[in-house]
Amino acid sequence: MRRRQELLLGALGVLLALGLCEAVGRAGLVRRDYLPPVSEVLARAVELAGDPLFLDGIGATVRAWALGLGLACAIAVPLGLLLGSVPVVDEAVRAIVEFLRPLPSVALIPLVSLLLGSGTETKVALIAYASVWPILFNTVYGLGETDPLAKDTLRAFGFGRLSVLLRVELPATAPFIAAGLRISAAVALILAVATEILAGFGEGLGIFIAQAGLATDGTRDVLAGVVWAGALGLVINSVLVWGERRLFPWTPEHRGER
């Protein structure tokens with residue numbers, strides 16, 4: 001019942017926002033060159049679904065997103081388990097991590113483009129760099145929240161450090177890793193599109209938006225591309241939330257939803 005209420009309220013909010021934008025566009029309060037009516041933007045977004053070149057660009061963006069996010073997981077989860085399990089290592093690399101974490105990935109685009117070129121490698125590298133931090137810190141935090149009694153019980157029965165990690169710590173940390181993955185998925189999509197926009201050439205959803213922005217009457221195409229980006233983000237987040245509910249129904253945020 002609560003989930004149904006949330007969906008209804010969310011749909012109502014979207015409809016109100018779309019209706020307001022449509023009214024503003026139709027009333028002429030803002031020039032159509034700057035804000036076309038929502039109906040025209042949505043119609044253009046639907047029309048783009050039949051454009052093979054546009055769909056190829058969507059595929060390029062999604063591929064870079066998936067590769068970058070997968071690389072971030074492959075780096076962040078083992079590193080987070082190491083830092084959370086071995087305090088000496090955590091203290092040794094803490095200063096480096098705190099130095100690298102605040103660096104904005106967008107500011108690194110010129111440097112990475114110079115080193116790797118303007119292809120998929122650049123997008124994947126930047127996506128991985130931006131996405132690694134939420135997963136890494138959630139993994140470390142999840143290890144810190146593991147029940148010490150469960151770990152002591154396994155040690156009392158003669159289980160070694162690796163067994164405790166695999167049998168207790170990793171399962172207890174998994175919901176935190178999943179939450180970090182969901183945050184990083186959104187960050188990765190933002191970086192994928194932003195890198196393409198700033199690069200200005202190649203293929204991808206951001207390239208379509210950047211090229212449409214250079215056209216004299218390209219506002220409708222720009223907004224249609226933004227609609228597609230938002231729809232991709234919504235689908236990705238919905239799938240990940242659904243997966244969390246199915247895999248970790250015992251967590252407090254999902255306990256009352258079944």
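View 1. Helix α1 is 26 residues long and spans 37 Å from its first C-alpha to its last, close to the 38 Å expected at 1.5 Å a residue. The expected span is 1.5 Å times one less than the number of residues in the helix. Helices (H or I, at least four residues) and strands (E, at least two) are DSSP runs, numbered from the N terminus. Just after α1, G28 has a positive phi of about 80 degrees. The model is predicted, with local features needing pLDDT of at least 70 and side-chain atom pairs counting only at pLDDT 80 or more, while totals for chains, interfaces and linings use all residues. Residues are numbered from 1 along each chain as its sequence is written, and side-chain values use heavy atoms, with hydrogens and water left out.

**View 2. The whole chain.** Ten helices and zero strands make up the elements of the chain. The C-alpha atoms fill a box of roughly 75 × 50 × 30 Å, taken along the principal axes.

**View 3. The crossing of α1 and α2.** Two packed helices are described by the angle between their axes and the distance between the axes. Here the axes of α1 (residues 2-27) and α2 (residues 38-48) come within 8 Å and cross at roughly 110 degrees. Axes are lines fitted to C-alpha atoms, for helices over the stretch in contact, and angles run from 0 to 180 degrees between N-to-C directions. The two helices α1 and α2 are therefore roughly perpendicular (angles under 35 degrees count as roughly parallel, over 145 as roughly antiparallel, 65 to 115 as roughly perpendicular and the rest as oblique). On α1, L18, C21, E22 and R26 meet V38, S39 and E40 of α2, where contact means heavy atoms within 4.5 Å. The residues of this contact comprise three nonpolar, one polar and three charged. Ala, Val, Leu, Ile, Met, Phe, Trp, Tyr, Cys and Pro count as nonpolar, Asp, Glu, Lys and Arg as charged, and the others, Gly among them, as polar.

**View 4. The crossing of α3 and α4.** The axes of α3 (residues 52-85) and α4 come within 5 Å, crossing at roughly 110 degrees. Helices α3 and α4 are therefore also roughly perpendicular to each other. L82, L83 and S85 from α3 meet P87, V89, D90 and V93 from α4. By class, this contact has five nonpolar, one polar and one charged residues.

**View 5. The largest pocket.** The largest pocket has a volume of about 610 Å³. On a 1 Å grid over the protein atoms alone, a cavity is a set of points where a 1.4 Å probe fits but cannot get out, and a pocket is an open set with protein on both sides within 12 Å along at least five of seven lines; lining residues have an atom within 4 Å of a point. Grid points are joined across faces, edges and corners, and a volume is the space filled by probe spheres set on the points. Of the 20 residues lining the pocket, V14, L18, V227, L234 and S238 lie nearest its centre. The largest share of the lining, seven residues, comes from α10. By class, the lining has 14 nonpolar, two polar and four charged residues.

**View 6. The largest cavity.** The largest cavity holds about 50 Å³ of space. Its lining consists of L83, D90, R94, V97, L136, F137 and V140. At least two of the lining residues come from each of α4 (87-100) and α6 (120-144).
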